[in-house]
Amino acid sequence: MFTGIVEELGEVISVEPAGANGEAVLLTLRGPLVSSDAKHGDSISVNGVCLTVVDRGEGTFTADVMKESLDRSSLGALTPGSPVNLERAARTDSRLGGHIVQGHVDGTATLLSRNPGDNWDVLRFGMPPELSPYVVEKGSVTVDGTSLTVSAVSAPGAEEEYFEVSLIPATLEATTLGGLEVGATVNVEVDVIAKYVERITAVARARSSDGAPARTRA
C-alpha cells in the first residue's frame, strides 16, 4: 500500500529480458533514498506500479516486471536513463499525506495539453472510457504514482473523455510530471473505494433481480 506522495525521482539503469520466453523484464533503477533500507521482497512503487525488490546494490534496486504489468502500464516503454517516480510502501505509524494507493494500475492515459498558470500548471489527460466513471471532480487519482486532486473532468457521455489536474511547483519539481510532454503516456490508478462501491452495487442488483436475499451481517 502507498500514499501517492513521491519520495524520490529515480532513474532507470537497465532493462533486461527475463523469463523463459523473454516476455518479462528485470528492471534495475537508481534510487538512493528508497533503496537505503530496501530488503528482498519489499514493495516499491515505480511510476505507480507496485514492484517487488529482488536485489539491491549501492543506491540501486532490481525488480521483476511480469507481462501483466507491462501490458497494463507504461513500464514497457522505459529505457536506460528514463526518469521514474519512486515511493516505498506506506508505514502504519505515519500520516497518510495522499490517499490510499494500491500500486495496481487500472490503465494508461495520454497528456493532451499543458497550460501554465501563475503558480501552477494545468495538465489535461485523455482517459479510456472504462475509467471515466471512477474519476470525479475534487476526487483523488494517481498519475504515474503521484496522488493528485482532479480539478476538472469531462461531462458524462462526452465525445472526448478527459480529466485535469493542477500541479503546484513542488509537485512539478519532485516528480516526472514536471517534464512530461504532450502526447506522453502515464499510468493511472483510480480510487479503489469507487471500484468497491461499483462491485457491491452490481452484486446487490444481480441478487435482487434473481430473487436471492441480500446477505446481511450479524
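1. Helices (H or I, at least four residues) and strands (E, at least two) are DSSP runs, numbered from the N terminus, and by this convention Thr 60 lies in strand β5, which covers residues 60-65. This is a predicted model, in which local features need pLDDT of at least 70 and side-chain atom pairs count only at pLDDT 80 or more, while totals for chains, interfaces and linings use all residues. Residues are numbered from 1 along each chain as its sequence is written, and side-chain values use heavy atoms, with hydrogens and water left out.

2. Thr 60 counts as buried because its relative accessibility is 16%; buried means under 20% relative accessible area, exposed over 50%, and partly exposed in between, with a 1.4 Å probe and protein chains only. If neighbours within four places in sequence are left aside, Thr 60 is in contact (heavy atoms within 4.5 Å) with Thr 28, Leu 29, Arg 30, Gly 31 and Ser 35.

3. A barrel is closed by 6 strands in the order β7-β8-β11-β10-β9-β12, with antiparallel pairing, where two strands pair if DSSP finds at least two bridges between them. From one strand to the next the twist averages 45°, the axes being lines fitted to C-alpha atoms, for helices over the stretch in contact, and the angles running from 0 to 180 degrees between N-to-C directions.

4. Strand β8 (residues 121-126) is largely enclosed by the rest of the structure, because 5 of its 6 residues are buried. Strand β7 (residues 107-116) pairs with β8 in the antiparallel sense over 6 bridges, and the two form a hairpin with 4 residues between them; Asn 115 has Val 122 in β8 as its bridge partner. Strand β8 is also joined by 6 bridges to the antiparallel strand β11 (residues 162-167), where Phe 125 stands opposite Phe 163.

5. Strands β7 and β12 run antiparallel and are joined by 4 bridges, with Gly 107 opposite Val 188 in β12.
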